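Dear colleague,

Here is the structure I promised to pass on to you, with my notes on what came out of it below.

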Amino acid sequence: MEDEAVVAAVRRGDHDAFSILVDRYQDRLYTTALRLLGSPVDAADVVQDAFVRAYTHIDEIRGATIRAWLYRVTTNCVRDVQRRNMRRATVSIDAEDNVIDLPDPSLGPEQSALSREEVSAIGAAIGELPAEFAEVVIMRDLNDLSYEEISQVLSCPVGTVKSRLSRGRAQLVTRLRESSTGLFSKSEEQL
Amino acid sequence: VSAVHQTERFSDALDRALTSSEQREFDQHISACGECAAAYSQYRETIGKVRSLPMAKMPVPVRIPADLLPRRSWTEGLRAYLRRGRGVPTAIALVAAAGLLVVASRQSTVNNSSGSESALRPAVVSPVSGAGSGAQAQAAGAAPKAADIAASCVATLLPHPVAPPPSYGNVVTVRGSNGIATQITVAAPSSKVHAGDTVPVFASATVSLQSTGARDSTPSAQIAIGPCVETSTPATAKTVDGSALADVSIPASAHAGDKIVVYATVPAGSGNLATLPQLQVMLTLTVQ
């Protein structure tokens, strides 16, 4: 069932149909939030909030696909968390030296064609990007949103999306090339 | 052939977003410029790897607060589910899951008074403090059975790590690094209590993760978990509004010298961490 048909069904009163949207997008939205926030707990909260807002306002969604709308709400929730985290003085628990190299258990390396080191290096490099670049890179390259959809999500012109994407990708390639992992070594002839 | 290097067009070229004339100019330059060809090749390879990053799994089920959902019988819900062609076996599983949700909801009602928001999160449970529980039948100081805890305790995720109040002087912390870096703390204002007291007890656990989605390398993610709080006989414990605090009630009939053991427990596998072992720490209160 296409997204539009699901939304129409929910609007007609078939509220179970909403679970189709949840099944379809929860992992993508969670991945987006996790890559932007770095915190599994915050990311899960963001996705929960996004779906509750979508459910509550599904009759009011106009001018954008439900997919773009969900990403927009998720992105806005992520920004709220980032602002809150900057303000909040969290109490640090001493982790001492016993932190081990454990990937997020929800990111199964067996699901990826990449090595564990490559996944880790790329994740770290995305995390180092300025937020406005990371957003578009994640939406385009991890979630396969079109320029037009990203434009709807961020409420900015397509030209801005293309510009941010170009700069974000360039920074990402440079960071990975210069990372100490050696996984993305320089080609012999670099510009 | 354009003499200008084409790096500014790599992104659009990768997405096939160049106009036909731009694409022609780009192709001509790449075929004539070894530097741009090598750089574009590496660019495509790197972005290709970014695109093949694995998708993360949402670790907790999305829940719509019950007060937002229309009221109807479970048979209506089951019919609607079957109408969408998901099959009988899945529907049976759905009914079983619905039963679990009812349990979670009831636990939430008992232990979490934060209103409709409580339906959004796993319920905080003070699992075996009710009348007739197995743990209450145990002798003072005896550790509750792990199986009893696992059967009744749902440790909850906390929004962020928290530390015990500075004024709490009776603090026990256990750290572990057996596979996953963990820390569990239980604390009370004092080790001395009196019959009839209600003693606030802090309990919190953290699990440190080197998340692949993190911005920093050490530690990139910490999951904070509110443990279940239990007591040996004769006291009872309950969590307070889903926080890391529990109230332990010392019975008026307790005698001077009685020792009450408070257990903070995180069951194995909590927080969707399959390799997380059971965490437990105990604190002793002595009746004056």
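Leaving aside neighbours within four places in sequence, A:Thr75 is in contact with A:Glu135, A:Met139, A:Val153 and A:Leu154. Please bear in mind throughout that this is a predicted model. A:Thr75 sits in helix 4 of chain A, which covers residues 66–87, and with a relative accessible area of 2% the residue counts as buried. Its side chain also reaches the backbone oxygen of A:Tyr71, at 2.7 Å.

When residues up to four places away in sequence are not counted, A:Met139 touches A:Tyr71, A:Thr75, A:Asp144, A:Leu145, A:Ile150, A:Val153 and A:Leu154. A:Met139 and A:Leu165, which are 26 residues apart in sequence, have their C-alpha atoms 9.6 Å apart in space.

In soluble globular proteins, nonpolar side chains tend to be buried together. Here the largest nonpolar core has 66 residues, and the members that touch the most others are A:Phe18, A:Leu21, A:Tyr30, A:Phe51, A:Ile126 and A:Leu172. At least two residues of this core come from each of helix 1 (3–12), helix 2 (18–37), helix 3 (40–56), helix 4, helix 5 (116–128), helix 6, helix 7 (147–154) and helix 8 (158–178) of chain A. Helix 2 of chain A gives the most, with eleven residues.

Which residues does A:Leu172 touch, if those up to four places away in sequence are not counted? They are A:Ala125, A:Ile126, A:Leu129 and A:Val137, together with B:Val50 from chain B. There is also a second, separate core of 32 residues, which includes B:Ala155, B:Val229, B:Ala246 and B:Leu276.

A:Asp45 and A:Val81 are 36 residues apart in sequence, while their C-alpha atoms are 9.6 Å apart in space.

Chain B and its helix 2

Chain B contains six helices and eleven strands, and of its 288 residues 44% count as buried. Among the contacts in chain B with a separation of 6 or more, 60% are accounted for by residues 24 or more positions apart.

Helix 2 of chain B has 13 residues and reaches 19 Å from its first C-alpha to its last, which is close to the 18 Å expected at 1.5 Å a residue. Its buried residues are B:Phe26, B:His29 and B:Ile30. Seen down the axis of the helix, these buried residues fall within an arc of 100 degrees, so they line one face of helix 2 of chain B. On the other side of this helix, B:Ser20, B:Ser31 and B:Ala32 are exposed. The cover over the buried residues includes helix 1 and helix 3 of chain B.

Aromatic pairs

A pair of aromatic rings is described by the distance of the centres and the angle of the planes. The count comes to seven aromatic pairs over all chains. In one of them, the rings of B:Phe10 and B:Phe26 have their centres 6.3 Å apart and their planes at 90 degrees, so the pair is edge-to-face. This pair links distant parts of the chain, since B:Phe10 is in helix 1 (residues 10–14) of chain B and B:Phe26 in helix 2 (residues 20–32) of chain B, 16 residues apart. Both B:Phe10 and B:Phe26 are buried.

What is the arrangement of the rings of B:Phe26 and B:Tyr40? Their centres lie 5.1 Å apart and their planes are at 80 degrees, so this pair is edge-to-face. B:Phe26 lies in helix 2 of chain B and B:Tyr40 in helix 3 (residues 34–51) of chain B, so the pair ties together parts that are 14 residues apart in sequence. B:Phe26 counts as buried at 2% relative accessibility, and B:Tyr40 counts as buried at 10%. Taken together, B:Phe10, B:Phe26, B:Tyr40 and B:Tyr43 form one aromatic cluster.

With best wishes

Conventions
Residues are numbered from 1 along each chain as its sequence is written. Chains are lettered from A and ligands numbered from 1 in the order in which they are written. This is a predicted model: local features need pLDDT of at least 70, side-chain atom pairs count only at pLDDT 80 or more; totals for chains, interfaces and linings use all residues. Side-chain values use heavy atoms; hydrogens and water are left out. Rings of Phe, Tyr and Trp (its six-membered ring) pair if their centres lie within 6.5 Å; planes under 30 degrees apart count as stacked, over 60 as edge-to-face and the rest as tilted. Helices (H or I, at least four residues) and strands (E, at least two) are DSSP runs, numbered from the N terminus. Buried means under 20% relative accessible area, exposed over 50%, partly exposed in between (1.4 Å probe, protein chains only). A polar contact is a pair of N or O atoms within 3.5 Å; within protein, one must be able to donate a hydrogen and the other to accept it, and residues adjacent in sequence count only if both atoms are side-chain atoms. Contact means heavy atoms within 4.5 Å. The expected span of a helix is 1.5 Å times one less than its number of residues. The arc is that of the directions from the helix axis to the C-beta atoms. A nonpolar core is a set of buried Ala, Val, Leu, Ile, Met, Phe, Trp, Tyr and Cys residues joined through side-chain atoms within 4.5 Å.
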